[in-house]
Amino acid sequence: MPKVFQDSYPDALAHCYGCGRLNAEGHQIRTVWDGDETVTRFTPQPYHIAVPGFVYGGLIASLIDCHSTGTAAAAMYRAEGREMDTPPAFRFVTGSLHVDFLKPTPLGTELEIRGRVKEIKGRKVIVESTVFAGGVATVRGEVVAVQMPENFGA
């Protein structure tokens, strides 16, 4: 079974609304490697509605955001040949988020978010993520993820 990225986040960095395992009210996405891509699955609830039958775009943007920053962290560990639970911890914040809505995303189906690292350059990782509903690409996003300094939030 592949290791879930978010399970390796130190407790002090595991409160994010989108990906924090310690945020009981959040999405609590769980991301794993699938070859050279990363994958997260998420099933929107009826209250994630935009218009009847379709998912609210802000939810989708937040899924892309957190999936991509988690992918960035995993990519840095992979580039260094380290496991994700080894110190020092790599955590990323969003430097920019661009989202293209390709077609409406239907409610009532599990979404699959797939990420691909486009570039690693210093403390920046560029990740492209695509949301699929029933195997159909509905949203594509690009995140420039920036590595958090060790004193971030201190």
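A pocket here is an open set of points on a 1 Å grid over the protein atoms alone, with protein on both sides within 12 Å along at least five of seven lines, and its lining residues have an atom within 4 Å of a point. This is a predicted model, where local features need pLDDT of at least 70 and side-chain atom pairs count only at pLDDT 80 or more, while totals for chains, interfaces and linings use all residues. Residues are numbered from 1 along each chain as its sequence is written, and side-chain values use heavy atoms, with hydrogens and water left out.

**View A. The largest pocket and its lining.** Around this pocket sit Lys 3, Val 4, Phe 5, Ser 8, Trp 33, Ala 74, Tyr 77, Arg 78, Arg 82, Glu 83, Met 84 and Asp 85. Its space comes to about 260 Å³, a volume being the space filled by probe spheres set on grid points that are joined across faces, edges and corners. Helix α1 gives the largest share of the lining, three residues; helices (H or I, at least four residues) and strands (E, at least two) are DSSP runs, numbered from the N terminus. By type, the lining splits into six nonpolar, one polar and five charged residues. Here Ala, Val, Leu, Ile, Met, Phe, Trp, Tyr, Cys and Pro count as nonpolar, Asp, Glu, Lys and Arg as charged, and the others, Gly among them, as polar.

**View B. The second largest pocket.** This one holds about 190 Å³ of space. It has 11 lining residues, and the closest to its centre are Leu 13, Ala 89, Met 148, Pro 149 and Glu 150. Seven of the lining residues are nonpolar, one is polar and three are charged.

**View C. Lys 3 and Glu 83 in a salt bridge.** Their side chains meet at 3.1 Å, N to O; a salt bridge is a side-chain nitrogen of Lys or Arg within 4 Å of a carboxyl oxygen of Asp or Glu. Lys 3 lies in the segment before β1 (31-34) and Glu 83 in the loop between α1 and β3 (92-101), so the pair ties together parts that are 80 residues apart in sequence. Lys 3 is exposed at 58% relative accessible area, whereas Glu 83 is partly exposed at 43%. (Buried means under 20% relative accessible area, exposed over 50%, partly exposed in between, with a 1.4 Å probe and protein chains only.)

**View D. Glu 112 and Arg 41 in a salt bridge.** The closest N and O atoms of this pair are 2.7 Å apart. Glu 112 sits in strand β4 (residues 111-121) and Arg 41 in strand β2 (residues 37-42), 71 residues apart. Salt bridges with shared partners join Asp 34, Glu 37, Arg 41, Glu 110, Glu 112 and Arg 114 into one network. Arg 41 itself is partly exposed, at 44%.

**View E. Thr 71, a buried residue in helix α1.** Thr 71 belongs to α1 (residues 57-80) and is buried, with 1% relative accessibility. Its side chain makes a 2.7 Å polar contact with that of Thr 38; a polar contact is a pair of N or O atoms within 3.5 Å, and within protein one must be able to donate a hydrogen and the other to accept it, with residues adjacent in sequence counting only if both atoms are side-chain atoms. Leaving out residues up to four places away in sequence, Thr 71 touches Phe 5, Thr 31, Thr 38, Val 117 and Val 127 (contact means heavy atoms within 4.5 Å).

How values were computed. 1 Å grid on protein atoms, 1.4 Å probe; cavity = no way out; pocket = protein on both sides within 12 Å on 5 of 7 lines; lining within 4 Å.
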